[in-house]
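Student: I am new to this structure. Can you show me how to read it?

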Amino acid sequence: MAINFSIPAYFGYMLSITRLKSFIPKSLFPDDDITAVAANLRHDSAALNSAATDFGHMVTDPPAAVLFPSSMNDIISLIKLANSLPVPFNIAAKGCGHSVRGQAMARNGVVVEMASLNNPTRISVSGNASDGFFADVGGEQMWIDVLNATLKHGLAPTSWTDYLYLTVGGTLSNAGISGQTFRYGPQISNVVELDVITGKGDLVSCSAERNWELFHSVLGGLGQFGIIIRARIPLFPAPNRVKWVRMLYTNFSEFTEDQERLISINGSKQNGALDYLEGLLLMHDGPPDNWRSSFFPPSHHSTIISLVNQHSIIYCLEVAKYYDHTSRHTLDKELDDSLNGLRFLSGYKFEKDVSYVEFLNRVRSGELSLKSQGLWDVPHPWLNLFVPKSRIAEFNSGVFKDIVLKQKMNNGPILVYPMNRSKWDDRMTAVIPDEEVFYTIGFLNSSGFDNWEAMDEVNKEILRFCNSVDMKIKQYLPHYRTQADWANHFGHKWNRIQDTKKQFDPNMILSPGHKIFNS
């Protein structure tokens, strides 16, 4: 569908090299920089339409122009240009556009298509056995490409997202979570160095020891302080295979207690520790499998469906343990020892043995299937929450057993699994509940273009319930409309965030789609 765009007058000169050069003092920008920015700016309908939408398909915020940078110098020049104006324009970096509520948009500003920087040489592996191995990765690179490039060296990162067709800069700007997080931490805890272009147009290398304030602020910082150009990620020997197990429960307390027992064994080199743990709900009138993965044997589908319909909700515990030829002979005993004593339903334990790549890239086949049916590029009214362990039983009774069942929320996967706070770094901008163990809840809904608002109303009902009982939840991939709500979200970090914003993006031009400082 075509979108009509209103382009502010000041972008007229941006799209004309002659006027652009005449407007900007030569002392600020070399002629080559001005030419490169102007040459790589587009305002045709295809570029603007692409930048005005995202995976959520619920928000449309058109920019005035789109930058397709040929190098990071183009981004630096664009940011300095914005800051040189009496009224700076906003800038948003866009990776794969997988946000759901316009977070990577810049109304009447400029969207930077980071994929334009994509080059295989921007993933390089270095290091040695004594000092460790690392991947230096461009912020525009997708995690699937990081996986493929590092596996050529027999190495891989340890922390992933469930879906790998996301950019490194995008997930590090949020947190980057999945079933590995309980043991290895979120992706933001697995970075040792960054190159960042700040909101002032400065290219800064930073780490926990050098320019640490920027380093910690950018990780989980929702793009507010700078654009991630490079990340250095620790690598470890990659396994070859994965033993993948699912177990079904009818009792929520037993389900969560078993999860919590399993994640308590979480040392990176601890014997008996699992490598992955998640949980999900199987809902009345819903299929046993979903688009995220096809797991259950077809021969058991009717039995599982009957069980779900009998109980309305079945809780599914999902775990995985990696192995290679050196650990194959001990795998079964270690896994049996880990799962010994769990209280899942007898006869409802299912196993798969798959390659490491197949496991990490398990969501891809579902994506391709939905795309072939025209069901991928549809509205996604998602809601992602962090819930304190002490309130998870109340969440089950008030949300899963009440709101979810009454509203028949079976239009996408519902995830529920615990994490350990000790694996997160509180110096970073990302916020989580105060308790040592907390749960991530993901309502990954899909809808038609005519009914997404009704689904979003259910999300709002869930949030109202959580607030009414003071559950002290935190949103992951947060969405708020007022600065007061953002201040409440960030809690004790809010004053620091305001100060850091003034330091690294004083004109508040970056990442306006979150509406933190641009509401």
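**Reading the model**

Tutor: Start with Val 308, which is buried, with a relative accessible area of 4%. Buried means under 20% relative accessible area, exposed over 50%, and partly exposed in between, with a 1.4 Å probe and protein chains only. This is a predicted model, where local features need pLDDT of at least 70, side-chain atom pairs count only at pLDDT 80 or more, and totals for chains, interfaces and linings use all residues. Residues are numbered from 1 along each chain as its sequence is written, and side-chain values use heavy atoms, leaving out hydrogens and water.

Student: Where is the place of Val 308?

Tutor: Val 308 sits in helix 11, residues 301-311. Helices (H or I, at least four residues) and strands (E, at least two) are DSSP runs, numbered from the N terminus.

Student: Which residues is Val 308 in contact with, leaving aside neighbours within four places in sequence?

Tutor: Contact means heavy atoms within 4.5 Å. Val 308 meets Leu 282, Met 283, His 284, Ile 313 and Ile 314. Tyr 165 is 143 residues from Val 308 in sequence, and their C-alpha atoms are 32 Å apart.

Student: Is Thr 429 buried or exposed?

Tutor: Thr 429 is buried, at 1% relative accessibility. Its place is the loop between strand 16 (414-420) and strand 17 (437-443). Not counting residues up to four places away in sequence, Thr 429 touches several residues, among them His 216, Phe 225, Phe 490 and Arg 496.

Student: How do I check a helix by its length?

Student: Which residues in helix 5 are buried?

Tutor: An α-helix has 3.6 residues a turn, so residues three or four places apart point the same way. In helix 5, the buried residues include Asp 74, Ile 75, Ser 77, Leu 78 and Leu 81.

Student: How many helices and strands are there in the protein?

Tutor: The protein has 18 helices and 18 strands. Its radius of gyration is 23 Å, close to the 24 Å from the globule rule for 519 residues, so the protein is as compact as a globular protein of that length. That radius is taken over C-alpha atoms, and the rule is 2.2 Å times the number of residues to the power 0.38. Buried residues make up 56% of the 519.
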